[in-house]
Amino acid sequence: MDSGSKQAHALLEVTGLTKSFLGQRALDDVDFTLRSGEIHALLGENGAGKSTLIKAVTGVVQRDAGIVRLDGAGIMPRNAEEAVKAGIATVYQEVNLLPNLTVAENLYLGRQPTRFGLVRDGQMRRAAASLLRGFGLSIDVGIPLGEYSVAVQHLVAIARAVDLSARVLILDEPTASLDAHEVEILFGIMRQLAGRGIGIIFVTHFLDQVYAVSDRITVLRNGRLVGERETSALPRLDLVHMMLGRELSEVTADREQRIVDDSGAPYASFRGFGKRRYVAPFDLDLRRGQVVALAGLLGSGRTETARIVFGAERADSGTAEVAGKGVHITSPREAIRLGFGYCPEERKTEGIVAELSVRENIVLAVQARRGWSRPLSRREQDEISGHFIKLLDIRPADPERPIGLLSGGNQQKVLLARWLATKPGLLILDEPTRGIDVGAHAEIIRLIRQLCADGLALLVISSEIEEVAVYADEVVVLRDRAHVTTLSGDAINVPAVLSTIAAETPHVA
Amino acid sequence: MPFRLPKQGAPQILAFLAILLADRLVSPQFFDLRLQDGRLFGSLVDVFNRGAPVALLSLGMVLVIATRGIDLSVGAVMAIAGAVAASLVDTHSVPLALGAALGVGVLCGLWNGFLVAVLRIQPIVATLILMVAGRGIAQLITEGRIVTFTSPQLAWFGNGSILGIPAPVAITLGMLLLTLFLVRGSALGVLIEATGANARASELAGIGTWAVTIAAYVWCGLCSSVAGVIAAADILGADANNAGLWLELDAILAVVIGGTSLFGGRFSVILAVLGALIIQAMNTGILLSGYRPELNLVVKAVVVIAVLLLQSPRLAGLGHWFNRNRTI
């Protein structure tokens, strides 16, 4: 159903797009229209069909039925390269450029200016520099791309895509690893590109960003089109309703009143703990039944704090005590022996072992602690994994499925299960809700509260300040790799945390 | 027990059977067995007997490859172990000579493991060191000569038999069972798979990844030294220049034919040994057929391509695509 008045001309028109994988409908008769000069948010929970839509349009997978028109002419790209030639460029969440090549080489890979078959390096660099200046980016293009931040890498990827004469730019979760400031820069560039008449499809999980930047929203659910709306005419609650098909019991609703009992001895306590050039020495007390949240911008030292507490990096100053006894945390193994668990932010590279089954992933930490010579019997493994699959509602409830085939939210639950199986005293969760669909968000938060009530000490890192404000007993604000302030009890609310983070903006350029 | 093809190893089993069948076609007596001096003889027995060294190597190699590593030094370790056993056996006791040979294998494995797991040198470079140096060490031990020995006990490892089964085959079978017991009877197998598939995640899950890695290289060194002893016993002497030469490549090939990815992770010990037998069955077949042995290399390549194609996920996807077109 075309609800939009056709004020701008339709740049990309998709009608009746259908795609099945092994008999399962991933996309079912989906229509989608992108007008030139608009930023169009494509939303839906994990598995709604967003990425299949993108892949079918860009020829990464072949569609079963449906028509894709670009500027009125039907196109049928057979691979991403043909899509780029047609004018549709895609930038994925994981930047797929080559970190070991220079920025300039990345920008012009496959189309370097040459003379007599030799690459004209100088010319390429000058072109690269001027291209990036157009994006407000003044960096040395002769340095390997991998030495720049993820944000810069993203901008380079976008610059390359746009420079390949793109008229349609697809951004798949471009902001997932950017901090607030970098997101603003990206949005500025998106608006600038839209102003030039480029149509932008923007896939994201962050509703705030949808409202901040998009003109129009298309929502998919279970492979079907739910609807297309103008962003300004769609209240947030209605949007969530479209995505979930049910009222989300607003996670931000109530901050329950809990009496914070600081009198008891902390479960784990750190004094002057730190590592040079990594994170400044900090004091931290973690109590059973309490959630301590670390808040701050990306790179402020949140993850660094978690890693040093867990022994993934070795502290070079300070002391640590667990249950009143002095300890040396020299490795993750040691931390696990002390009853710590850590769900890292980089779920794919540091969390899951993708090709092992859900069962093997769940029992991995328990098995590692028992040592290689005392294997868990198959029955014990089945019991443990079965228990947690049921407890955490992991789907599909098939312990033998390779974990790589599960959705992000379910992978996160498996990682939680891995640590819960070790019966930990302290659980460190680094961005537990990142890259997870909205429905699973609420579930993970409910779990955090439950674990806390069960008497676990929790250290949570999250960029979702609204969520943090709901469940945290204490919020430690970090800036420039140092712990700056601690808010506790009633002092925790979104404006207070945000203003503390934003206060005294770091004057390091 | 009804016979059914296991889901995982079907391509390898079918390939092995097909090659045996082809061998039977070029040599009608291929499946003939005869008992002589209490030991089985025949072309089929030869396949197992001649395949024993590479099968032994593949037992260790499969673990190393599963950790996302590779061990190029196995052939050189064979030469060292053979040299040690041959040069000690006539002056010292047989157990001491054997113990020294196997001990040297373990030491070589420790060295490789140390370079890879502790110093974090890329496996292919780290083991290249011993591949080159190891043969030199073996030549130093033998002082550049072929050291012969007379000990019948040591010779038994090459020519003896247990219950009619040639000693190399029996030893390989024993090592196979030992390896299976070691990796699947304990948790070592899954820890190796986790380490190979995602070392960072494994470390954060509390796995001592460096210990796991070293264990794999040590086992590989031990298996290589057993293979070295067999190779020396077979010719009643240690030839430092040729013992185990290029066998590291056959061992890697055997592991790959067995379906274990060079990117680490899931592995199958049994299928790796089957891979080694596939290679040997081809060798034997070509020798029996009377073609020039040089042809062996070409045929080997063809079979490798065939097995790998059967395992290729792309090809499976293609099959699905064909089916889809048919059903619509």
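At what angle do helix α3 and helix α5 of chain B pack, and how far apart are their axes? In this predicted model, α3 (residues 74–89) and α5 (residues 123–142) of chain B pack at an angle of about 15 degrees, with 8 Å between their axes. The angle is under 35 degrees, so α3(B) counts as roughly parallel to α5(B).

**Helix pair in chain B**
- The crossing of α3(B) past α5(B) is left-handed.
- From α3(B), the contact is made by B:A76, B:V77, B:A79, B:I80, B:A83, B:V84 and B:S87.
- From α5(B), the contributing residues are B:L130, B:M131, B:G134, B:R135, B:I137, B:A138, B:I141 and B:T142.
- By class, the residues of this α3(B)–α5(B) contact comprise eleven nonpolar, three polar and one charged.

**Contact between chains A and B**
- Chain B has 20 residues in contact with 24 residues of chain A.
- On the side of chain B that touches chain A, α8 (188–197) and α9 (199–204) of chain B each supply at least two residues.
- α8(B) provides the largest share of that side, with six residues.
- The residues on the side of chain B that touches chain A are ten nonpolar, six polar and four charged.

**Domains of chain A**
- Chain A is divided into domain 1 (10–244), domain 2 (250–339 + 424–509) and domain 3 (353–423).
- Between the C-alpha centres of domain 1 and domain 3 of chain A the distance is 35 Å.

Notes. Residues are numbered from 1 along each chain as its sequence is written. Chains are lettered from A and ligands numbered from 1 in the order in which they are written. This is a predicted model: local features need pLDDT of at least 70, side-chain atom pairs count only at pLDDT 80 or more; totals for chains, interfaces and linings use all residues. Two residues are in contact if their C-beta atoms, placed from the backbone, lie within 7 Å. Helices (H or I, at least four residues) and strands (E, at least two) are DSSP runs, numbered from the N terminus. Ala, Val, Leu, Ile, Met, Phe, Trp, Tyr, Cys and Pro count as nonpolar, Asp, Glu, Lys and Arg as charged, and the others, Gly among them, as polar. Axes are lines fitted to C-alpha atoms, for helices over the stretch in contact, and angles run from 0 to 180 degrees between N-to-C directions. Angles under 35 degrees count as roughly parallel, over 145 as roughly antiparallel, 65 to 115 as roughly perpendicular and the rest as oblique. A crossing is left-handed if the near helix is turned anticlockwise from the far one by less than a right angle, and right-handed if clockwise. Domain bounds come from an automatic or database domain assignment.
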